[in-house]
Amino acid sequence: MAMGATSGAVRPNFQGSGGELFVTFLVGMLLSIITLYIYMPWFMCKVARYFTDNTTLGPTRRGELRLEFTGQGGELLVILLLHGFLTLITLYIYLPWFLVKLIKFFCANTQAVAPDGTRFRLEFEGTGGELFVTFLVGMLLTVITLYIYMPWFICKLNKAIYSRTAILENEQRVGNFDFEGQGGELFVTFLVGALLTVITLYIYFPWFQVKILKFIAENTRVHYQGRVFGGQFHGTGGEFFVTLLVGFLLTVITLYIYYPWFMVNLWKFQYNNLEFNELGNAGPMPGAMPPGGGMPGMMPGQMPGQPAFQPQAQPGQYPGQY
């Protein structure tokens, strides 16, 4: 969503506080338990709204873009109940259609608003059938090859979702996302990362995850009115290690009271280290793949409050993400 960008980098900027999120969590969890989790969709929407209310995107030629989330718990409840049920009774064959419904819900209800009133949002144009083929082939080859194919599966899944995600400006199509990563390069990252993670008894794990975030960001493309933007991720493994270590320890010690602060720190790490530069003006960024060669840290249209559909682990798949 780097629409109308200036010559400088466009960055998300999340500035929420753990104290505010704690209140949202306390009320949401209590009501979810009391209602036997029927309230959960409303709780999810409140967390998504908390994130967008505390996030801007810029600078752009239209000024700082303010994020909004307008999704309602009632609509999300229907999606979770109906499509979740269909997923279970079909032994997860229906899962791609379920994921498409969720992606479309969050895309349709998340907007970026400019000071002049211009509204931007994402629209996912893919179908469950398309995603089913990607899932079926990817899962089969992953199992047959004893997970060697996993990096190629991840790249193909990202490609399938990104390339079918359009950018709308005042409901008019003005661009789209794309993903250019290749499984061969990601395989090397996976192989080295997995080996070092095991050898170091998982101490290397944060560095491994940051490598994946960098790979996804550097291979993400945003096409907007004939201009092309590429991503970069500037977080480091050391910073993520400290965030995880302190967050996990304080969450356990405080019996999960610290959990909202942990989420806020993870969101800040994942999103505030992300930026997009216009490739036509600034040239290819260090580490970026050339066209045809080989998700910011988030999928198109994904805000916290949205599911992430990359099979690989990321910071957002820890307490920092739904």
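The model is predicted, so local features need pLDDT of at least 70 and side-chain atom pairs count only at pLDDT 80 or more, while totals for chains, interfaces and linings use all residues. Residues are numbered from 1 along each chain as its sequence is written, and side-chain values use heavy atoms, with hydrogens and water left out.

- Helices (H or I, at least four residues) and strands (E, at least two) are DSSP runs, numbered from the N terminus.
- β4 and β5 pair over three bridges, and Ala 112 has Phe 120 in β5 as its bridge partner.
- Those two strands make a hairpin with five residues between them, and Gly 117 in the turn has a positive phi of about 95°.
- Next along, five bridges join β5 to β6, with Glu 123 opposite Ala 166 in β6.
- Strand β6 (residues 165-169) is then joined by four bridges to β7 (residues 172-179), where Ile 167 stands opposite Gly 175.

**Helices**

- The 14 residues of helix α10 (residues 259-272) should span 20 Å at 1.5 Å a residue, and the end C-alpha atoms are 19 Å apart, which agrees. The expected span is 1.5 Å times one less than the number of residues.
- Residues buried in α10 include Phe 262, Met 263, Leu 266, Trp 267 and Phe 269. Buried means under 20% relative accessible area, exposed over 50%, and partly exposed in between (1.4 Å probe, protein chains only).

**Nonpolar cores**

- A nonpolar core is a set of buried Ala, Val, Leu, Ile, Met, Phe, Trp, Tyr and Cys residues joined through side-chain atoms within 4.5 Å.
- The largest one has 49 residues, of which Leu 131 and Phe 190 touch the most other members.
- A second, separate core of 12 residues includes Phe 14, Leu 21, Tyr 39 and Val 47.

- Gly 58 and Pro 59 are joined by a cis peptide bond, with omega about 0°; Pro 59 is in the loop between β2 and β3.
- Leu 91 is not a glycine, yet has a positive phi of about 55°. Leu 91 sits in the loop between α3 (73-89) and α4 (95-109) and is exposed at 70% relative accessible area.
- Glu 171 also has a positive phi, near 70°. This residue lies in the loop between β6 and β7 and is partly exposed at 47%.
- Thr 70, in the loop between β3 and α3, touches Arg 49 and Asn 109, not counting residues up to four places away in sequence. Thr 70 and Asn 109 are 39 residues apart in sequence but 5.0 Å apart in space, C-alpha to C-alpha.

**Salt bridges**

- The structure holds 12 salt bridges, each a side-chain nitrogen of Lys or Arg within 4 Å of a carboxyl oxygen of Asp or Glu.
- Arg 119 pairs with Glu 68, the closest N and O atoms being 3.0 Å apart. Arg 119 lies in β5 and Glu 68 in β3, so the pair ties together parts 51 residues apart in sequence.
- Arg 119 is partly exposed at 34%, whereas Glu 68 is buried at 17%.
- Arg 227 and Glu 278 meet at 2.8 Å, N to O, linking β9 (residues 227-233) to β10. Arg 227 is buried at 13%, and Glu 278 is buried at 8%.
- Arg 62, Asp 116 and Glu 169 are linked in a network of salt bridges.

Technical notes: Pairing = 2+ DSSP bridges. Contact = heavy atoms within 4.5 Å.
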